[in-house]
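Subject: Handover of a structure

Dear colleague,

Please find the structure below, together with its sequence.

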Amino acid sequence: NDNVPVILYPVSANGSAEGVEEIPRNVNAGHLVAKIRAYDADIGYNGWLLFSLQEVSDHSLFGLDRYTGQIRTLRSFTETDEAQHKLLILVKDNGNVSLSATATVIVKVVEPKEAFAASDVENAVKEEDENNVTFYLIITLGSVSVLFVISIIVLIVMQCSKSTDYSSKYLQDTNYDGTLCHSIQYRSGDKRYMLVGPRMSIGSTIVPGSNGNTLVIPDRRRRDSGERELSGALNVLDY
């Protein structure tokens, strides 16, 4: 048992265990005035704390629970009761040699209107804080939504741009100079096939039953005389 109890509430601005509580004069018996909070760093039985009233201006007005540290009124206030009361609470542990600490609570008895006004001020401050949090939350959600919409629009524009570029590669102008472009040749038996882009030769024929851009070109090696070079213009576009 080498640790002294530490008071957590009440604690004043200068660090001392002292606080002020305001209660309306018209409260009934059993009204919770304050609760003393403390802890002991010792483990086990030595760390158990007990609370007791050392000093009080009127023993008939206030009572203290020795295990919980709750201060409650024992009766209603009368007109003859003082408007301010001082309570000194002793907090001690269960060590063989008890260690203790003290806390002071000043109880101010105010008229109901004053108590309600103070309560209204506190509620207004809390409501304003809640409104500020809600406003910041709305701003955050709105910003995220706007960024999401902008991202979608940018993606759509990029996709459309890619589609336009792809089409422009393969859609050629109709005014060609007669050259053969984008052709792929392969053989099957005694026939030679050619897959042509936008133009093909006059001497080529379309294979029946095949796609429009599949051409059959007679085998030059089986012909007795040389065939003239491909000429003319025939656009075969199959999309």
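How many residues lie between β8 and β9 in the hairpin that they form? There are six residues between these two strands. Please bear in mind throughout that this is a predicted model.

To begin with the chain as a whole, it holds one helix and 15 strands. Of its 239 residues, 27% count as buried. Its accessible surface comes to about 16500 Å², and carbon and sulfur atoms hold 55% of that area. Among the contacts with a separation of 6 or more, 58% are made by residues 24 or more positions apart.

β8 (84–93) and β9 (100–110) run antiparallel and are joined by nine bridges. Within this pairing, Leu88 has Thr104 in β9 as its bridge partner. β9 also pairs with β2 (residues 18–24), this time in parallel, through seven bridges. Here Glu22 stands opposite Lys108 in β9. Eight of the eleven residues of β9 are buried, so the strand is mostly covered, where buried means under 20% relative accessible area.

Three bridges connect β6 with β7 (residues 70–73) in the antiparallel sense, and Gly63 stands opposite Arg72 in β7.

In soluble globular proteins, nonpolar side chains tend to be buried together. The largest nonpolar core in this chain has 23 residues, of which Ile36, Phe62, Ile71 and Ile89 touch the most other members. Two or more residues each come from β3, β5 (49–56), β6, β8 and β9. The largest share, five residues, is given by β9.

Which residues does Ile89 contact, leaving aside its neighbours within four places in sequence? Among them are Ile36, Phe51, Leu53, Leu64 and Ile71, as well as Ala101, Ala103 and Val105. Ser52, Thr102 and others are also in contact with Ile89.

With kind regards

Key: Residues are numbered from 1 along each chain as its sequence is written. This is a predicted model: local features need pLDDT of at least 70, side-chain atom pairs count only at pLDDT 80 or more; totals for chains, interfaces and linings use all residues. Side-chain values use heavy atoms; hydrogens and water are left out. Two strands pair if DSSP finds at least two bridges between them. Helices (H or I, at least four residues) and strands (E, at least two) are DSSP runs, numbered from the N terminus. Buried means under 20% relative accessible area, exposed over 50%, partly exposed in between (1.4 Å probe, protein chains only). Contact means heavy atoms within 4.5 Å. Accessible areas come from the Shrake-Rupley method with a 1.4 Å probe; for residues, only the protein chains shown count as cover. A nonpolar core is a set of buried Ala, Val, Leu, Ile, Met, Phe, Trp, Tyr and Cys residues joined through side-chain atoms within 4.5 Å.
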